[in-house]
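Please keep the sequence and the model in view while going through the points.

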Amino acid sequence: MGIGIQVEGLTKSFGPQRIWEDVTLEVPAGEVSVLLGPSGTGKSVFLKSLIGLLRPERGKIIVDGTDIIQCTAKELYEIRTLFGVMFQDGALFGSMSLYDNTAFPLREHTKKKESEIRNIVMEKLDLVGLGGDETKFPGEISGGMRKRAGLARSLVLDPQIILCDEPDSGLDPVRTAYLSQLLIDINAQIDCTILIVTHNINIARTVPDNMGMLFRKHLVMFGPREVLLTSDEPVVRQFLNGRRIGPIGMSEEKDESTIAEEQAMFDAGHHDGGVEEIEGVPPQIQATPGMPERQAVARRQARVRELMHTLPPAAQEAIRDDLEGTHQYHASAFGETVEAPRHRDDDAPTGVIPTVDSPTVETRTLER
C-alpha cells in the first residue's frame, strides 16, 4: 500500500507575496486524490513543497514518519525515492531517447545492471502505451506521448506516492480520458498513493477518491469526493461548472461591484460562459476489466463510514448511494435524473476501523 502524506499548517510565500497559508490536509495512503483551484493559486508550488524542492516558511509535511521540512539533506534524498513525479510538460531531457529518459532514475538512484534496467524500462513504457517508441527523442513525438513518457519515468522506481502536475495539460479530451483510465489502472496495479493537480473538471469529477480546492491563499476544503461535488460553496460551484458568475475572476480577486455587474448581465439574459449545470456525484472510473481490484475502494469505504457523521447531509446521501451500489446524479442539461450502476463490493467491511487515519474535512466559508 502507498504512503499517506500529512500536511499541517503549511504556509508559503515568495518575498512579500503570500501564495497560501495554514494549509492542513491528509492525503490518504493508497488512494487517488485531486487538488483543484484557479490558475495562480499555488497548486504546483504545493506539489514542489511536498518533495522538498521548495521550502515553506511554516508548517509540517510528514511522509513516512519524517517531517521533510526539518529533516537532513540525506533523509530528504531517501524520502524522495518514495515519490514518482509527472511534471506538466514531461520534463524530459531533449538530448536523450525515451528509453534513456525513462532509465535515468534507475541509473541515478540504484546499482542495477543494464539488463535489469532494460526490463524495467520496457515494462513501464509498455504500461503507458509507448512500447516500440523507446528510440525516439522528445522532439520527435507529440505532447501526449511526452506526458506518457514522463509518467513511465515516474514509475520506474516503483514509487509509493505519485504526484501528477496537470497531467491533462495540452491533451485533447479523448487522450485525457485514456490518461484518466491509466491512472486508475496504475493505482489498481501497484496500490500507490496518487495526488493529481488539475484544472480538468472531467478528471476531477470521475477519477479521485478525494478532492480539495485552493482559492484566495487558503484551502477551501479537502475530503471525500462527495463533499466537494455536492458543495453549495459559490467558488466550488462556479469552478466545477466553468461559469463567469461567482467569486473567481480573470484575476483571482473579484470585487463586489464586478460580481454585481456580471450577475445583472446574466439576469438580463447574457450567457455566463459555462455549461448547463450538472448536480450531484457522477460514477467514479473503475479499473479496466482484468486488472487487479483496487484495494483503495474497500479502505475508502471503511474510512468514510467512520467519518460519515462529520460530513454535510448532501455528501452523506451521495456516499450512501455509492455504498449501496447505485449512484444517482442529476444532469439538468438533459432534464432527467440518471441512475448509474456502480460496482458493489459485497465483501467490503462494515463498521471497520479504517486502515489509514481519517483526514479532517477542511472547509472554509469565503467572503462573497
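**Comments on the model**

1. Asp22 is partly exposed, with a relative accessible area of 42%; in this note buried means under 20% relative accessible area, exposed means over 50%, and partly exposed lies in between, for a 1.4 Å probe and protein chains only. Asp22 belongs to strand 2 (residues 17–27). Its phi is near 55 degrees, a positive value in a residue other than glycine. Helices (H or I, at least four residues) and strands (E, at least two) are DSSP runs, numbered from the N terminus.

2. This is a predicted model, in which local features need pLDDT of at least 70 and side-chain atom pairs count only at pLDDT 80 or more, while totals for chains, interfaces and linings use all residues. Residues are numbered from 1 along each chain as its sequence is written, and side-chain values use heavy atoms, with hydrogens and water left out.

3. Asp64 also has a positive phi near 55 degrees and is not a glycine. Asp64 sits in the loop between strand 4 (58–63) and strand 5 (66–67). With a relative accessible area of 52%, Asp64 is exposed.

4. The chain contains 12 helices and 14 strands. Of its 368 residues, 52% count as buried. A contact means heavy atoms within 4.5 Å; among contacts between residues at least 6 apart in sequence, 69% join residues at least 24 apart.

5. How far apart are the end C-alpha atoms of helix 4 (residues 114–127)? They are 20 Å apart, which agrees with the 20 Å that its 14 residues should span at 1.5 Å a residue; the expected span is 1.5 Å times one less than the number of residues. The buried residues of helix 4 are Ile117, Ile120, Val121, Met122, Lys124 and Leu125. These buried residues pack against helix 3 (98–109) and helix 5 (143–155). Just after helix 4, Gly129 takes a positive phi of about 80 degrees.

6. The largest pocket holds about 560 Å³ of space. On a 1 Å grid over the protein atoms alone, a pocket is an open set of points with protein on both sides within 12 Å along at least five of seven lines, a cavity is a set where a 1.4 Å probe fits but cannot get out, and lining residues have an atom within 4 Å of a point. Grid points are joined across faces, edges and corners, and a volume is the space filled by probe spheres set on the points. Of the 19 residues lining this pocket, Phe83, Val85, Phe87, Pro105 and His109 lie nearest its centre. Helix 3 gives the largest share of the lining, 4 residues.

7. By the cavity rule, there are 2 cavities of 30 Å³ or more. The largest cavity contains about 60 Å³ of space. Helix 1 (43–50), strand 6 (83–86) and strand 7 (161–165) each give two or more residues to its lining. Among the lining residues of the largest cavity are Ser44, Lys48, Met86 and Asp165.

8. The chain averages a pLDDT of 82, and 79% of the residues score at least 70; pLDDT is the predictor's confidence in each residue, from 0 to 100. Over residues 326–360 the pLDDT is below 50, although this stretch has 84 contacts in the model beyond near neighbours in sequence. Where pLDDT is low, the predicted coordinates should not be read in detail.
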